[in-house]
Amino acid sequence: MQEEIAFFGHPNVQSFHARTVEITKEEHLTLRGDCIIGVRATKACADLEPAIRNRLMKSDSHVKIEIVVGNDVYAISGSGDERLTLKNTHDIVIRKTNFVCPRTLSVRCDRASSDIPRRMVQALKDPATKGLFRITVE
């Protein structure tokens, strides 16, 4: 199962956080949001297709997130979790840890915001840059 979410860059994208990656439907980003890689996302956790949501809420599911910016693709692997609620209507967060809240899409991920190649991060500082957050769940 796969779902794609479009998002856009913002001048305040920093991508420094060592444990999370986030995209948001919000239009604005402050420098405090150091895990956020994109704004104006077309979907949040609550907007995901029911089949994807159901599979994410199983602890044995494997999650692959691909961040696509131009010709660059950055892959992150993680897991689903039976504790996920996927109820947040504004954000999607993937985490290296086991922490779960309504914004959490995946836990135990192998990479975080600070791991994303700086070339991609630089491109995402431009509000005209469109990115893709591709979620594949098995």
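## The largest pocket

In this predicted model, the largest pocket holds about 160 Å³ of space. Rolling a probe the size of a water molecule over the atoms shows where such empty space is left.

The lining of the largest pocket is made up of 13 residues. Those nearest the centre of the pocket are E22, L29, R32, G33 and I36. Sorted by class, the lining has 5 charged, 5 polar and 3 nonpolar residues.

Strands of a sheet pair through backbone hydrogen bonds, either parallel or antiparallel. Here, 4 strands form an open sheet with mixed pairing, in the order β3-β2-β6-β7. Its edge strands, β3 (36-38) and β7 (104-106), each pair on one side only. On average, neighbouring strands of this sheet are turned by 35° against each other, with direction ignored.

At one end of that order, strand β6 (residues 91-95) pairs with β7 in the parallel sense over 2 bridges. In this region, I94 has S106 of β7 as its bridge partner.

Strand β8 runs antiparallel to β1 (residues 2-8), and 7 bridges join the two. Along this pairing, Q2 stands opposite T136 of β8. Strand β4 (residues 62-69) is also joined to β8 by 7 bridges, again antiparallel. Here V63 has V137 of β8 as its bridge partner.

Terms used. Residues numbered from 1 in each chain as written. Predicted model: local features only at pLDDT ≥ 70, side-chain atom pairs only at ≥ 80, totals over all residues. Heavy atoms only, no water. Pairing = 2+ DSSP bridges. Axes fitted to C-alpha atoms, helices over the stretch in contact; angles between N-to-C directions. 1 Å grid on protein atoms, 1.4 Å probe; cavity = no way out; pocket = protein on both sides within 12 Å on 5 of 7 lines; lining within 4 Å. Points joined across faces, edges and corners; volume = space filled by probe spheres on them. Nonpolar A, V, L, I, M, F, W, Y, C, P; charged D, E, K, R; others polar.
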